Amino acid sequence: MTMKSVLDRLLSHELLTREETKQILIGITQKEYPEEQITALLTGLQMRGVTVDELLGFRDGILETGAPAILDSDRYIDVVGTGGDRKNTFNISTTACFVIAGAGYQVAKHGNYAATSVSGASNVIVGHGVKFTSDIDLLNKSMNECGIVYLHAQLFATAMKFVGGIRKALQFPTVFNLLGPIINPSQPKAQLLGVANLDQMRLYNQVYQKIGIDYGIVNSIDGYDEISLTGDFKVTTNEYEKIFSPAELGFEKALPEELVAGATEEEAVHIFDAVLENCALPAQKNIVLANAAFAIQVMEQGRVDIQDCIAKARESLESGKALSTFKKFVEINS
């Protein structure tokens, strides 16, 4: 399949199949196409809008050409946001993952360095002295002994390096910005995803249905790609679609400034630590509890009421189990 034929079809407003975009991605990794043609492809898809099958094809190609992370566990969850909301929040998803693990659920957190904020998941993890690894034995040791592994994206999704320069030069989002949340190399059977808008919620809802996993997708109506508690938020899962208010869950409404990561990575690390040590601002603690609770509900396949899931998350944090889990994680992975 030549890129010229692909571009001709795009110009004719034709759709590509899942297998075709998979083969295109593989071709990119084999340097079959000049950068100018890849640039035209990404621009054309962005202008037209990518379909679910096209997105899944790129995902298939990234997973096939990347390094797998085969974990011993059958069931674990990833909690991640699409990013791009430009709110510079502290590491809410990453903190929530340790609360979830502290509550007795297994987690395979997939993440990377920050793109649009001060601190991404990898920034806060490495800020505690953790060394990233793709060593499966060490990853399984971490999962077995503390219930959580961290999968640094750059060690696994090797295809991304072939488009890094092009994406940087384009300076607008491409299909690759949508792929991050769905290319966890361990391919978890459960995921909580935060999206920045309702169009993304609809797209990923169809994606997850085709992948066939247990999922929850959350969006704060005021534009956060997580449950921010700054106002109402929408949740879509395998079981329901509903708009919640903070008060409905027993939480005070948060102020936007209470979510900010700060100006430096060190400040973001301080907030992360404060939450796990149960001495953060009430809003920071509540936001982590809310996100952890909905992830727990996904793991329970919707069979546990959200108030009970909040109670499980709260017990993990306030008992010190979440902090102990994190300390054990650092010990194993440093």
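Colleague: Leaving aside its neighbours within four places in sequence, which residues is Ile100 in contact with?

Modeller: This is a predicted model: local features need pLDDT of at least 70, side-chain atom pairs count only at pLDDT 80 or more, and totals for chains, interfaces and linings use all residues. Residues are numbered from 1 along each chain as its sequence is written, and side-chain values use heavy atoms, without hydrogens and water. Contact means heavy atoms within 4.5 Å. With those neighbours set aside, Ile100 is in contact with Ile77, Val79, Tyr105, Val107, Ala292, Ala295 and Ile296.

Colleague: Why is helix 7 called roughly antiparallel to helix 14?

Modeller: Helices (H or I, at least four residues) and strands (E, at least two) are DSSP runs, numbered from the N terminus. Axes are lines fitted to C-alpha atoms, for helices over the stretch in contact, and angles run from 0 to 180 degrees between N-to-C directions. Angles under 35 degrees count as roughly parallel, over 145 as roughly antiparallel, 65 to 115 as roughly perpendicular and the rest as oblique. The axes of helix 7 (residues 136-146) and helix 14 (residues 321-333) come within 10 Å, so the label follows from their crossing angle of roughly 155°.

Colleague: What is helix 4 to helix 10: oblique or roughly parallel?

Modeller: Their axes come within 10 Å and cross at roughly 60°. Helix 4 and helix 10 are therefore oblique.

Colleague: Is Asn88 buried or exposed?

Modeller: Asn88 sits in the loop between strand 1 (77-81) and helix 5 (92-102). Its phi is positive, near 50°, in a residue other than glycine. With a relative accessible area of 19%, Asn88 is buried.

Colleague: What is the relative accessible area of Asn278?

Modeller: Asn278 also has a positive phi, about 60°, although it is not a glycine. The loop between helix 11 (265-276) and helix 12 holds Asn278. Asn278 is partly exposed, because its relative accessible area is 34%.

Conventions
Buried < 20%, exposed > 50% of the residue type's maximum accessible area, 1.4 Å probe, protein only.
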